[in-house]
Amino acid sequence: MLLSFIIFFLIITLLGFPFSQYLKFYSRAEKYVLTRGIGLGVFPLLTIILNTLSIPLHYITYIIIGAAATGITFYFSAGKKEKFESKEYIETIIAAVLALIVFAVFVYGAARYAYLEDDDPWFHAMGSKYVAQQKTYSLQHDEEIWLRSYLEPYPPSYDVLMGVLHQTNNSMQFTLKIFNALLVALSHLFFYFFARIFLQSRKLALFASAILLLNPSYAGHFIWAQSLNIALMFPALLAVYYSGTSLLWTFIAVVMLAGINLTQLSSAVAINAMSGLLALSQKNWRMVAGIFIAAVVAAGVFYVPMVAKYGWAVVKEGNSVFPHTFTFGVSESVQSDTSGGKIYGITDFISVPLVTRIDQPTGLGIGIFILGFSGFFLLLYFRKKITPCWGVILLWFAFTLVGLEGNLLPVRLFPHRFWPFFAVPVALLSALLLRIISGKKRLAFVAVVLIAVIVTSGVPKFIVQTSPWQPGGSWASKNEIQGYLQLQKILPKNTPIMTLCTDRDEVIGLDFAGLPLDYSLERLRRRFNNLTVAEIQQFMRQKNMRYVIIDNHCVKKYGKQQTEKLMSAVQKVFKLEYETSGMHLFSIG
């Protein structure tokens with residue numbers, strides 16, 4: 001397991017150093033941290049390029065490329081003297097401790113159950129396993145069969161990252177739960193350097209970091225591609241901020257925004273909009289053009305080829321672009337964007353529900369609500385007397401608030417997913433109150449405020465993030481999942497198991513070896529009503545599968561009579577190894 005952490009940080013360091021070595025930073029600590037942020041941002045675009053060139057997506061590939069680029073950089077930058085305005089070590093250590101707290105709490109919460117939560121993570125497990133085994137994200141194109149996944153035509157960066165890391169360990173669950181939590185934790189560390197720029201104060205940046213940590217509506221430990229974009233958001237925004245100082249920073253911003261566009265579209269829209277507002281507030285027309293170029297690059301290297309391969313209809317479905325995702329508010333198809341048509345009132349901002357959306361918790365808590373909105377009115381009054389970045393902070397606040405209330409508007413984009421982006425200006429605004437308080441009063445204010453926020457926001461957040469989450473609604477029955485969970489106790493990890501009636505291969509998310517996104521298996525499944533035991537046996541031997549599962553998914557799909565008929569035939573040839581009323585495990589013998 002330690003190897004996975006070493007490989008992760010080695011890859012992002014080697015990919016980031018060739019760029020950061022030629023950039024100007026405020027402190028050595030900022031350079032050290034943002035080198036990793038830049039490297040993480042290079043990963044998505046590099047992945048698409050490698051796959052397009054049919055170069056295996058293996059961790060060794062990334063290390064070789066990063067090591068070569070770093071070696072060349074060392075050679076040409078030998079003797080280069082760097083000047084920093086500040087050391088910033090103490091503040092960085094405190095910010096790192098805050099990030100470690102997030103990591104520890106999220107890992108603890110994710111480890112409370114031996115399965116993956118909800119539905120999306122099971123598909124991420126399948127896609128990541130496919131990348132780990134096949135060393136590509138390219139899938140077979142079949143006119144008759146399309147299997148849902150988070151690989152093409154969906155932007156594959158998150159699953160590729162997890163798949164590459166899974167190549168270094170034997171647990172898919174460990175990879176997803178640990179590194180998803182790590183990505184969110186890193187976003188907190190990156191946020192400190194982001195906040196220090198926009199608040200023009202290290203102390204205020206630390207206070208804002210604490211508020212973000214305690215905010216229940218910032219990112220949780222739910223396993224999905226947005227976690228990677230959340231981690232990339234602050235290095236990308238910093239690159240946009242610095243882009244006016246050099247062409248290299250502009251280039252880095254373009255690469256990182258392209259990477260964000262190649263990770264998850266809904267969050268990419270929000271981050272690109274925030275980047276655009278920042279560039280416009282600086283009157284940085286070069287960067288405004290750069291944001292457009294980033295979109296063109298992402299489209300050119302990935303989305304256009306996907307449309308050519310699969311067709312526009314499949315690309316839309318693969319990226320969850322439904323007919324009413326963007327329009328008509330709550331009046332039509334409120335479930336098409338998973339927001340449920342929710343319109344947020346003041347109580348939704350003040351309260352923190354302990355039963356909340358699994359993908360995106362909501363609410364600020366009354367302490368953060370008062371701080372954030374007080375900071376908003378303070379900034380309106382004092383403006384640039386408090387911070388030179390006052391304009392863009394207000395723009396971000398207005399934009400993300402409007403995004404949250406999208407179900408009130410004729411145009412919307414996953415309104416509930418705007419909570420983590422709204423949390424960013426709220427954290428900045430909360431810290432601005434310290435500008436008008438000085439001396440011992442400031443220390444007392446910070447102490448009282450943090451205690452209040454911990455009670456009203458931090459405790460509910462801890463409860464939500466450490467409670468056992470449900471395994472999703474796609475399971476056919478409670479007895480079915482209980483049977484699957486028992487397999488972890490009776491079979492070794494990565495035992496080859498074939499599922500006969502579900503196309504998301506749940507066994508992979510439980511640390512067994514399945515057949516992820518295998519189209520020949522899907523064709524076999526679709527012949528369920530006419531399958532013979534001999535065909536199943538032949539297929540399993542061909543694919544080196546030791547076990548096969550017949551479960552309640554079969555009953556749900558093909559009916560009880562047909563399922564019992566096939567199971568009766570299977571029992572005559574295969575050995576029944578384990579069963580519950582919801583699933584039956586057979587070995588080929």
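Predicted model: local features only at pLDDT ≥ 70, side-chain atom pairs only at ≥ 80, totals over all residues.

Residues are numbered from 1 along each chain as its sequence is written, and side-chain values use heavy atoms, with hydrogens and water left out.

**Stop 1: two crossing helices**

Select residues 28-52, which is helix 2, and residues 247-261, which is helix 10. Helices here are DSSP runs (H or I, at least four residues), strands are E runs of at least two, and both are numbered from the N terminus. The two axes come within 7 Å and cross at roughly 55 degrees. Those axes are lines fitted to C-alpha atoms over the stretch in contact, with angles running from 0 to 180 degrees between N-to-C directions. The pair is therefore oblique, the class left over once under 35 degrees (roughly parallel), over 145 (roughly antiparallel) and 65 to 115 (roughly perpendicular) are taken out.

Now show side chains. On helix 2, pick Gly37, Ile38, Gly41, Val42, Pro44 and Leu45; on helix 10, pick Trp249, Ile252, Val255, Met256 and Gly259. These make the contact (heavy atoms within 4.5 Å). Which classes turn up there? Eight of the residues are nonpolar, three are polar and none is charged; Gly counts as polar in this scheme.

**Stop 2**

A salt bridge here is a side-chain nitrogen of Lys or Arg within 4 Å of a carboxyl oxygen of Asp or Glu, and the count comes to 15. Select arginine 504 and aspartate 119, whose closest N and O atoms are 3.4 Å apart. Arginine 504 sits in the loop between strand 1 (497-499) and helix 20 (506-509), while aspartate 119 is in the loop between helix 4 (89-110) and helix 5 (120-134), 385 residues apart. Both are buried (under 20% relative accessible area with a 1.4 Å probe, protein chains only; exposed is over 50%, partly exposed in between).

**Stop 3**

Move to aspartate 505 and arginine 525, a salt bridge at 3.0 Å, N to O. Aspartate 505 lies in the loop between strand 1 and helix 20 and arginine 525 in helix 21 (residues 519-525), so the pair ties together parts 20 residues apart in sequence. Both residues are buried.
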